[in-house]
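Student: Could we go through this structure together? I would like to begin with the helix.

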Amino acid sequence: MTPIINGTPATAAAGKRIATASGVKPARAAAKAASATTKVQTAKVKATPAKPVPSAKRARAAAKAASPGEKVQTAKVKAAPAKVKAQPAKAAGSVKAAGGAKTRVKTQTVISIDVGGTGMKCALVDSKHRVLHTERHATGRERGFEAVVGTIIDVAKGLAKRADVSAIGVVVPGIVDETNGILRFSANLGARDFPLRDTVTQALGMPVAIGHDVRAGGLAEAKLGAGAGRSQVLFVPIGTGIAAAHVVNGIVATGAHGAAGEIGHIVVRPNGPQCGCGQRGCLESVASAASLQRRYTELSGKTKTAAQVSATLKRDKRAAQVWDEVVDALSDGLLTGQALYDTELIIIGGGLAESGETLLGPLRESLAKKVTFHRVPEIMKAKLGDEAGCLGAALMALELT
Ligand SMILES: [Zn+2]
């Protein structure tokens, strides 16, 4: 089990909940965790009656005035403490201890939703970065993007009933204008110029941050994962595609048009394989997990997943050849990245990073051979796995509270 955050035991426990709640553990355990947290928050609110109203609450009050629908939601939130009373004191006590019941600082809780092409990862995360509850839902993109947005709103409303939430972070794949909260284009979700932030804000009546999934993942890895404590980080997830997020002192570069970090479309093999973007020989067309599989089949006539190729390098000559090609192309791409960004740490994520040192060892060697005047960056495996985007969405939402 990968610890979610370098921090307190409470954080590690929260990380455990991620893995279990998203997989086999009954929903009851997750509900219990969320309810227990609600109790802590309720207790804290009672203990600090004189505390000034947080800015998020003011925002909600303003939104309430603008939206009659908010009344329903307020009633639902008020109903939450009754449910909490049924929980065993032990559970609530342990959370209290972890959260520091005697401190007078009220923790904020936010909703985070990472919308992928096939599934949505959703969570409640507090301002100490503890994951209180997780859920997964199907994206159902075949229904059209408006229906997907309907699901995002329904899921957020459901999560808002579980805790006193202050803000929402939603991250999506594609070209995202984070400043204006508009999803400019997403091939995965079939969306174009959709005012996602305003739509979700109107439906939920609270502040909403909209972000790009990879940039959000990079933010989380840089702040809470493999890059914790580092100031200059490049996060490169390698899966079906290849992208990057450049994080400097906790801020991710978005680019002027919301399209920064497309390292997968650096041409590393002129006249090479056709890329989905229309160009030939992009890094993604040679070194993504999907391209690796395609190339293996081309050479051997057989089918292997990227993980199977990685596991059979010593006994399968074709697998070793494909692996070498992928590593060579990746180090070309990272060399360009290093020339542009001069980072101290490159964090490799995505499915291909699961090969661990089988990938990272040769990649370090290959990059070290190619650098001239550049400083060789450290290369590490991502720590947060596929929860990075969801945690990044939470970090973005917490900035609004
Ligand atoms: Zn391309």
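Tutor: The expected span of a helix is 1.5 Å times one less than its number of residues. Helices (H or I, at least four residues) and strands (E, at least two) are DSSP runs, numbered from the N terminus. This is a predicted model, in which local features need pLDDT of at least 70, side-chain atom pairs count only at pLDDT 80 or more, and totals for chains, interfaces and linings use all residues. Residues are numbered from 1 along each chain as its sequence is written.

Student: What span should helix α12 have?

Tutor: Helix α12 (residues 317-341) has 25 residues, so at 1.5 Å a residue it should span 36 Å; its end C-alpha atoms are 36 Å apart, which agrees.

Student: Which residue follows α12?

Tutor: D342 follows α12, and its phi is positive, near 50 degrees.

Student: New topic: is strand β8 buried or exposed?

Tutor: A residue is buried if 20 or more other C-beta atoms, placed from the backbone, lie within 10 Å of its own, exposed if 12 or fewer, and partly exposed in between. In β8 (residues 208-212), 5 of the 5 residues are buried, so the strand is largely enclosed by the rest of the structure.

Student: Which residues lie on each side of β8?

Tutor: V208, I210 and H212 are on one side, with A209 and G211 on the other.

Student: How many bridges join β4 to β8?

Tutor: Two strands pair if DSSP finds at least two bridges between them. Strands β4 (residues 165-172) and β8 run parallel and are joined by 5 bridges. G169 has A209 in β8 as its bridge partner.
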